Amino acid sequence: MKEKIHSKFLSQFGEGGVFYASAGRINLIGEHTDYNGGYVFPGAIDKGIMAEIKPNGTEKVRLYSLDYDASVIFGLEEADKPAEAWARYIFGVCRETIKRGGKVAGFDAVFAGDVPLGAGLSSSAALESCFAFAINDLNHNGLDLFELARIGQSTEHNYCGVKCGIMDQFASCFGKKGQLIRLNCKTLEHQYFPFNPEGYKLVLLDTCVKHELASSAYNYRRQSCERAAAAIKQNHPEVEFLSDSKRVWLDEVRDKITEEDFIRAEYVIGEVQRVLDVCDALERGDYETVGEMMYQTHFGLSRLYEVSCPELDFLAKLARKMEVTGSRVMGGGFGGCTINLVKDELYEGFVRKAAEEFKAEFGHELKVYDVVISDGARKL
Ligand code: GLA
């Protein structure tokens, strides 16, 4: 990928620049908890974005996307927002850097990526953190990684219409090879956990299904959680986020909120606890408990939070039938991947059978990605 980027850079812009890279992410457990101030447990992966960048001495940004085979030029004022969705991620990162007092000199960039789009692996966070890191470095802005992660998150909020939490951008900025990160999304306190489950593999099965309305449905889920938290706060003022609430406090407001808001909140409060249980189990090397929690998360995401789809439910059910240790929908949902914790000896049979049965049921192929936990944003 590096050579392709470089030869395009030379032909588009002349003399070469500096290379930066960043990563997509997986999440072992803790889904839709981040914007509720809860825990998540992600790690960066060996699929990401790579960019070659060079200041161009103007006030304009000139971009070339190898994957879209398209170029865009924009200025750095708010009114210069580009029409192309892919370019808006980078424009947003420039604007959010400026809003935080950072300098953004005009630059040329060519970039490419290998994070499958719409698979729930956060290709957008990879793009944001690659450029946030590069711009910070090239302009000597001195923003720390926390601020770079927030720049990516604010880009989603203010330029891409998704009111996401901090998980994806945090994992993409802070990721380390071989380590998962347990992150408290309220305080941003975090702890690295070496993840090398001997005798097991982590594999993603991509349904290749992507639902168009995913971002509005996502924002809608977030509003449900905020309404439930506000109702609980009336009785318990210390509840700032839903993750601060005990289950019994939710029960107290059952008739003050809608049934839908109640079941969304019920899922979130259970999920926050599951992350902690999984971390404890991991420290004991108890992968059976980790896997059981994954199935519980799938059930919650499917039946209570309602962000699954028939293809994902089919794969999780098949995993259970084949005695796979753990399986669940990963990321925002509404399509994308299941993440599976599989014993070495079951791995091949499971992947083969899942591919066959999925094709027979839905008429199209699934894709298989082995997970390698890798480094996040960096200069190459
Ligand atoms: C998406 C969002 C994240 C997080 C997950 C669900 O990936 O970008 O902030 O909310 O969904 O856990």
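Biologist: What covers the buried residues of α4?

Modeller: In this predicted model, the cover over the buried residues of α4 includes α2, α3 and α5. The buried residues themselves are L148, A149, I151, G152, Q153, S154, T155, E156 and Y159.

Biologist: What makes these residues of α4 buried?

Modeller: The word is applied to a residue with under 20% relative accessible area. L148 and Y159 are among the residues of α4 that are buried, so each of them falls under that cut-off.

Biologist: How do you know what span is expected of α4?

Modeller: The expected span is 1.5 Å times one less than the number of residues. α4 has 15 residues, for which 21 Å is expected, and the helix reaches 21 Å from its first C-alpha to its last. The residue G161 follows α4, with a positive phi near 75°.

Biologist: Which elements do the buried residues of α2 pack against?

Modeller: They pack against β4 (60–65), β5 (70–75), β6, α3 and α4. The buried residues of α2 are W86, A87, I90, F91, G92, V93, C94, R95, E96 and T97. This helix, with 15 residues, reaches 21 Å, close to the 21 Å expected. After α2 comes G101, whose phi is positive, near 85°.

Biologist: Where is F133 found, and which residues is F133 in contact with beyond its neighbours within four places in sequence?

Modeller: F133 belongs to helix α3 (residues 123–138). Apart from neighbours within four places in sequence, its contacts are Y20, L145, L148, A377, R378 and K379.

Biologist: Why is A23 called buried?

Modeller: A residue counts as buried under 20% relative accessible area. A23 has a relative accessible area of 1%, and therefore it is called buried. This residue lies in strand β1 (residues 18–27). Leaving out neighbours within four places in sequence, A23 is in contact with A44, I45, K47, G48, A126, S172, D375 and G376. The C-alpha atoms of A23 and V351, by comparison, are separated by 25 Å.

Biologist: How do you know that the largest pocket lies between domain 1 and domain 2?

Modeller: Both domain 1 (2–195) and domain 2 (200–370) give residues to its lining, so the pocket lies between them. The C-alpha centres of the two domains are 26 Å apart, and 33 residues of domain 1 are in contact with 43 residues of domain 2.

Biologist: Which residues lie nearest the centre of the largest pocket?

Modeller: Of the 47 residues that line the largest pocket, Y89, G118, S123, S124 and K210 lie nearest its centre. Elements giving two or more residues to this lining are α2 (85–99), β6 (107–113), α3, α4 (145–159), α5 (167–174), α6 (214–235) and β11 (335–343). α2 gives the most, with four residues. The volume of this pocket is about 1300 Å³.

Biologist: Which residues line the second largest pocket?

Modeller: Y295, Q296, H298, F299, S302, R303, D313, A316, K317 and R320 line this pocket, which has a volume of about 260 Å³. α9 (287–304) and α10 (310–321) each supply at least two of the lining residues, and α9 gives the most, with six.

Biologist: Which residues of α9 are buried?

Modeller: Y287, V290, G291, M293, M294, Y295, T297, H298, G300, L301, S302 and L304 are buried. These residues pack against β9 (200–210), α8 (259–283), α10, β10 (326–329) and β11. α9 has 18 residues and reaches 25 Å, close to the 26 Å expected. E306, with a positive phi near 55°, follows α9.

Methods
Residues numbered from 1 in each chain as written. Predicted model: local features only at pLDDT ≥ 70, side-chain atom pairs only at ≥ 80, totals over all residues. Heavy atoms only, no water. Contact = heavy atoms within 4.5 Å. 1 Å grid on protein atoms, 1.4 Å probe; cavity = no way out; pocket = protein on both sides within 12 Å on 5 of 7 lines; lining within 4 Å. Points joined across faces, edges and corners; volume = space filled by probe spheres on them. Domains from an automatic or database assignment. Buried < 20%, exposed > 50% of the residue type's maximum accessible area, 1.4 Å probe, protein only.
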